[in-house]
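Student: I would like to learn how to read ring contacts and helices in a model. Where do we begin?

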Amino acid sequence: MNLPNSLTVLRVVMIPLFVIAMLLDFPQSDFVAGGIFIAACITDFFDGFLARKYNQITTFGKFMDPLADKLLVCAALICFLVDRADEMPAWVVIIIISREFIISGFRLVAAEKGVTISASWWGKIKTTVQMLMSLLLIFNFQHPVFRIIDRVMIYLALVLTVISLADYIIKNRGVMKDIR
């Protein structure tokens, strides 16, 4: 297994550790969870960077990298619903997770037709904003300015989620032709 794929696997392995740190209440648990989340985000950046730089793009990486991102962000979103102090609206979580299922289904149909749907810039921006939003909510800064920033990031992530969904569907609508 090449290094980028190993980093993707490492990111997936970090997810349960992150969830444990989020859900257990121990001193500095927010910082432990935040540190794990940051490490997972760093592996996301480096696995893509290294795969492109050393031409180590694999079928495994094309499948697992976006899946690992989705698992990480969705795990964080679900954890935010457990702690009502985060003020994450459940309907926002439902829309974001629904988008991920729709795109995953879209990619499966495309793969069956021999078409690979790559991540778009909208999707990459959406993932970046979701990760930044998650970090802010994980650290749960209590200053009023951060509470406003949290809200802005939640709704920015929501808007980008819908835009990136529309972008994928519009650009790849031909994949869904002849589906019965």
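Student: Which residues do ring pairs link into a cluster?

Tutor: First, keep in mind that this model is predicted. The cluster is made of Phe31, Phe139, Phe141 and Phe146, linked by ring pairs.

Student: How many aromatic pairs are there?

Tutor: The count is seven. One of the aromatic pairs is Phe45 with Phe49. Their ring centres lie 6.0 Å apart, with 10° between the planes, and the pair is stacked.

Student: How far apart are Phe45 and Phe49 along helix 2?

Tutor: Start with the general idea. An α-helix has 3.6 residues a turn, so residues three or four places apart point the same way. Now the case here. Phe45 and Phe49 are four residues apart in helix 2, residues 29-53, so about one helical turn separates them.

Student: Is Phe45 buried or exposed?

Tutor: Exposed means over 50% relative accessible area. Phe45 has 52% relative accessibility, so Phe45 counts as exposed. Phe49 has 36% and is partly exposed.

Student: What does helix 5 span, from its first C-alpha to its last?

Tutor: Helix 5 covers residues 121-139, 19 residues in total. Its span is 27 Å, close to the 27 Å expected at 1.5 Å a residue.

Student: Which residue caps the N-terminal end of helix 5?

Tutor: Ser120 does. One of its side-chain oxygens is 3.3 Å from the backbone nitrogen of Trp122. Look just after helix 5 too: Asn140 has a positive phi of about 50°.

Student: What sits over the ring of Trp121?

Tutor: The charged end of Lys124, 5.1 Å from the ring centre.

Key
Residues numbered from 1 in each chain as written. Predicted model: local features only at pLDDT ≥ 70, side-chain atom pairs only at ≥ 80, totals over all residues. Heavy atoms only, no water. Helix = DSSP H or I, 4+ residues; strand = E, 2+ residues; numbered from the N terminus. Expected span 1.5 Å × (residues − 1). Polar contact = N/O pair within 3.5 Å; in protein donor to acceptor, adjacent residues only side chain to side chain. Phe/Tyr/Trp six-rings, centres within 6.5 Å; stacked < 30°, edge-to-face > 60°. Buried < 20%, exposed > 50% of the residue type's maximum accessible area, 1.4 Å probe, protein only. Lys NZ or Arg CZ within 6 Å of the ring centre and 35° of its normal.
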